[in-house]
Amino acid sequence: MSELIPRVGNYKNLLSYQKSEVIFRITYFFCQHFLAKGDRTVDQMIQAARSGKQNIIEGCAASATSSKTEIKLLNVAKASLKELLEDYEDYLKTRGSRQWESGSAEYETMRRLGREHSDGEYFMNIVETRPPETIANMAIILINQADYLLFKQLERLSKDFVKNGGFSERMSRLRRENRGF
């Protein structure tokens, strides 16, 4: 049976999930502390961050029997994070705040921290002491990193599917082998 329905990996080990969990925590904190209660943006940002995280979980859970569903849900996670990215960029624009430029000291430091750390506690210790513009910029960089990780994950899943097929192909192969032809 395990040949037909392979044991799927632990989504918590995926860097894309770890980054999305950090993004969710930062976004929740950001919305609760820096956006007005009752502002529709609060719900939208929290739901986009949650959707990024939850769709990775759901995609991984579906992976044993549906490559199509896994790929589709990981792409939904990617799209949700892109929506959240736009919300953070809008926050900075509408308040006349600077978005960190590639090559700036802040940008490069945060990129390095994002590459080196995927622990929510690590980032929350930083976030809790920073102004909203810094937190928005931190989130933007982490979202871009998660987007890249999801892109690479989707690319790998696509190649695996082309090479190995999916659940239906495994079922057919196992039936043929069981019949002796």
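Reader: Is R25 buried or exposed, or does R25 fall in between?

Author: This is a predicted model. In it, R25 is partly exposed, because its relative accessible area is 28%, a value between the limits of 20% for buried and 50% for exposed.

Reader: With which residue does the side chain of R25 meet in a salt bridge?

Author: Side chains of opposite charge can pair when their charged atoms come close. Here the partner of R25 is E121, with 2.7 Å from N to O.

Reader: Which side chain meets K78 in a salt bridge?

Author: That of D147, again with an N to O distance of 2.7 Å. This pair links distant parts of the chain, with K78 in helix α3 (residues 67–94) and D147 in helix α6 (residues 132–164), 69 residues apart. Both K78 and D147 are buried.

Reader: What is the closest distance between N and O atoms in the salt bridge of R98 with E101?

Author: The distance is 3.0 Å. R98 counts as partly exposed at 39% relative accessibility, and E101 is partly exposed at 38%. Elsewhere, salt bridges with shared partners join K78, K82 and D147 into one network.

Reader: How many salt bridges does the count come to?

Author: The count comes to 8 salt bridges.

Reader: Let us turn to the helices. What span does helix α2 reach, and what is expected?

Author: Helix α2 (residues 40–62) has 23 residues. From its first C-alpha to its last, α2 reaches 32 Å, close to the 33 Å expected at 1.5 Å a residue.

Reader: Which side chain reaches a backbone nitrogen at the start of α2?

Author: There, D39 places a side-chain oxygen within 2.8 Å of the backbone nitrogen of T41.

Reader: How do the axes of α4 and α5 cross?

Author: Two packed helices are described by the angle between their axes and the distance between the axes. The axes of helix α4 (residues 105–116) and α5 come within 10 Å and cross at roughly 150°. Angles over 145 degrees count as roughly antiparallel, and α4 and α5 are therefore roughly antiparallel to each other.

Reader: Is the crossing of α4 and α5 left-handed or right-handed?

Author: α4 passes α5 in a right-handed crossing.

Terms used. Residues are numbered from 1 along each chain as its sequence is written. This is a predicted model: local features need pLDDT of at least 70, side-chain atom pairs count only at pLDDT 80 or more; totals for chains, interfaces and linings use all residues. Side-chain values use heavy atoms; hydrogens and water are left out. A salt bridge is a side-chain nitrogen of Lys or Arg within 4 Å of a carboxyl oxygen of Asp or Glu. Buried means under 20% relative accessible area, exposed over 50%, partly exposed in between (1.4 Å probe, protein chains only). Helices (H or I, at least four residues) and strands (E, at least two) are DSSP runs, numbered from the N terminus. The expected span of a helix is 1.5 Å times one less than its number of residues. A polar contact is a pair of N or O atoms within 3.5 Å; within protein, one must be able to donate a hydrogen and the other to accept it, and residues adjacent in sequence count only if both atoms are side-chain atoms. Axes are lines fitted to C-alpha atoms, for helices over the stretch in contact, and angles run from 0 to 180 degrees between N-to-C directions. Angles under 35 degrees count as roughly parallel, over 145 as roughly antiparallel, 65 to 115 as roughly perpendicular and the rest as oblique. A crossing is left-handed if the near helix is turned anticlockwise from the far one by less than a right angle, and right-handed if clockwise.
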